[in-house]
Amino acid sequence: MSPRNIFSSGNIFSARKFTNRNFTRAALWNRRHKKPLETAIFLIIFFAFFAGLAIKMTLPNMLNTFMQTAYHLLLETVLYIMAITVMTGAISKLFVEFGVVNLMEKLLRPLMKPLYNLPGVASLGAVMTFLSDNPAIITLSKDKNFSRYFKQYQLVSLTNFGTAFGMGLVVLAFMVGRGYGQGAVVGLVGAVIGSIISTRIMQHATLKAYPELSADVAVDNLKEENGKGFKEQKVSTFQRTLNAILDGGKGGVEIGVAIIPGVLVISTIVMMLTFGPANGSTYTGVAYEGVPIIPWLANKIDFVFYWLFGFEHSELIAFPITALGAVGAALGIVPSFDSAGFLNNDAIAVFTAMGMCWSGYLSTHTAMLDSLGYRKLIGKAIGAHTIGGLFAGISAHWLFVLISLF
């Protein structure tokens, strides 16, 4: 039977059954063959990874180090970061309650158009993500009173813009708390430079691929809240202050708890691939031992990291690698670098810039763009932010070198 006869009016039902049957068979084949293959590949990689560590460290030492490192990270790093998030959360809520955020937004508004090609209200997104975390920008983006100021491609670029400031206050407080205030401030400037590059690249790539997104954001049935229908209850200044501190602190606890899996799992694995035996030659199963695979790989091209970021120790590359997935986990590595004598203000400047700018974008960009309804732009957003984060680190290093000359 010819294709024309198959899809004629008399045989259209048969054609649909034929097509559906083929799709069903293909789906069943994929289900039967893809899953076992996927499982086999996973098991090979999983056992090869841990077998390699066990051969070098011996199995008992590897298991002890794995558990001891996670335990020490929980006590020495996670609880410290949680204390910071509770305090900064309380401060952030106070800033919102008493109008400091609105003041900051008004001060930053004139910079938005020339630097980011964004409307002035976008500065509120930078402030909110700086005080909290990346997803805060999505909450704002879904607010019709906020999104109506944007064109569609500008609204999409808020994913890159907001991520570049995610957990900024926590990162700064952590670095300053370890005595590297100068490097942290230079790193903040580097993060701003990276955010500009990332946002601009994202906007350019979006418009080039989808010119139709140059239209204004469609906002239907926008209604301004006029406060009618309820009577506002007067609350004393003391009560407002107390509520803000408690609510902000509670939010800080939630952030602190949310970073625990990333810090314990990711940081433990990264550390076991970064540091060698504790005493230099023999494994004893204590915390922070491992097989230094990352430094070995980095040493092959260490001149690149030295010229770009000023890293004098190849182990330092573990921080930006970890920040790709979770900046909280990356912060968990810093105390070990500090105790090993690897850190200075130059390295902290790069850490702060790349930690803020990337702030776990590989684990958040997909969900953020999906929630906005622009899943097709995930690849462009990740590519733009990768470039922005690299330039953030490079800018921070060379800014610090320039400042050091004076």
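Ser-198 is buried, for its relative accessible area is 0%, and a residue counts as buried when that value is under 20%. The model in which this residue is found is a predicted one. Ser-198 belongs to helix H10. Leaving aside neighbours within four places in sequence, Ser-198 is in contact with Asn-160, Ala-384, His-385 and Gly-388.

Asn-160 is among the buried residues of H8. This helix, which spans residues 152–163, is mostly covered, and twelve of its twelve residues are buried.

In soluble globular proteins, nonpolar side chains tend to be buried together. Here the largest nonpolar core has 94 residues. Leu-158 and Phe-161 are among those with the most contacts inside this core, as are Phe-150, Met-175, Phe-337, Leu-343 and Phe-351. Helix H18 (residues 345–358) supplies the largest share of the core, namely ten residues. The surroundings of Met-175 give a picture of the packing. Not counting residues up to four places away in sequence, Met-175 touches Tyr-180, Ala-184, Phe-319, Leu-331, Val-334, Ile-348, Phe-351 and Thr-352.

The aromatic residues deserve attention next. A pair of aromatic rings is described by the distance of the centres and the angle of the planes. The whole structure holds 16 aromatic pairs. In one of them, the rings of Phe-337 and Phe-351 have centres 6.2 Å apart and planes at 40°, so this pair is tilted. The pair links distant parts of the chain, since Phe-337 lies in helix H17 (residues 334–339) and Phe-351 in helix H18, 14 residues apart. Both Phe-337 and Phe-351 are buried. Another tilted pair is formed by Trp-358 and Tyr-361, with 6.0 Å from centre to centre and 45° between the planes. Trp-358 is buried, with a relative accessible area of 5%, and Tyr-361 is buried as well, with a value of 1%. Phe-337 and Phe-351 also belong to one aromatic cluster, together with Phe-275, Phe-309, Phe-311, Phe-319 and Phe-342.

Rolling a probe the size of a water molecule over the atoms shows where empty space is left. The largest pocket contains about 610 Å³ of space. Its lining consists of 33 residues, and Ser-132, Asp-133, Met-167, Gly-251 and Ile-255 lie nearest the centre. Several helices, including H3 (59–97), H5 (122–131) and H12 (260–272), each supply at least two residues of this lining. Helix H11 gives the most, with seven residues. What is the make-up of the lining of the largest pocket by class? It has 13 nonpolar, 16 polar and four charged residues.

The second largest pocket has a volume of about 260 Å³. Of the 13 residues that line this pocket, Leu-108, Ala-126, Val-127, Phe-165 and Val-192 lie nearest its centre. Helices H4 (100–116), H5 and H10 (181–209) each supply at least two lining residues, and H4 gives the most, with six. By class, the lining of the second largest pocket divides into 13 nonpolar, no polar and no charged residues.

Two loops show a further feature of the backbone. Most residues other than glycine have a negative phi, and most peptide bonds are trans. Thr-58, in the loop between helix H2 (12–57) and H3, has a positive phi near 75°. Asn-117, in the loop between H4 and H5, likewise has a positive phi, near 55°. Are these two residues buried or exposed, or in between? Thr-58 is partly exposed, because its relative accessible area is 39%, whereas Asn-117 counts as buried at 15% relative accessibility.

The last stop is Leu-297, in helix H13 (residues 293–300). Leu-297 is partly exposed, with a relative accessible area of 48%. Leu-297 and Glu-315 are 18 residues apart in sequence, and their C-alpha atoms are 9.8 Å apart in space.

Note on methods:
Residues are numbered from 1 along each chain as its sequence is written. This is a predicted model: local features need pLDDT of at least 70, side-chain atom pairs count only at pLDDT 80 or more; totals for chains, interfaces and linings use all residues. Side-chain values use heavy atoms; hydrogens and water are left out. Helices (H or I, at least four residues) and strands (E, at least two) are DSSP runs, numbered from the N terminus. Buried means under 20% relative accessible area, exposed over 50%, partly exposed in between (1.4 Å probe, protein chains only). A nonpolar core is a set of buried Ala, Val, Leu, Ile, Met, Phe, Trp, Tyr and Cys residues joined through side-chain atoms within 4.5 Å. Contact means heavy atoms within 4.5 Å. On a 1 Å grid over the protein atoms alone, a cavity is a set of points where a 1.4 Å probe fits but cannot get out, and a pocket is an open set with protein on both sides within 12 Å along at least five of seven lines; lining residues have an atom within 4 Å of a point. Grid points are joined across faces, edges and corners, and a volume is the space filled by probe spheres set on the points. Ala, Val, Leu, Ile, Met, Phe, Trp, Tyr, Cys and Pro count as nonpolar, Asp, Glu, Lys and Arg as charged, and the others, Gly among them, as polar. Rings of Phe, Tyr and Trp (its six-membered ring) pair if their centres lie within 6.5 Å; planes under 30 degrees apart count as stacked, over 60 as edge-to-face and the rest as tilted.
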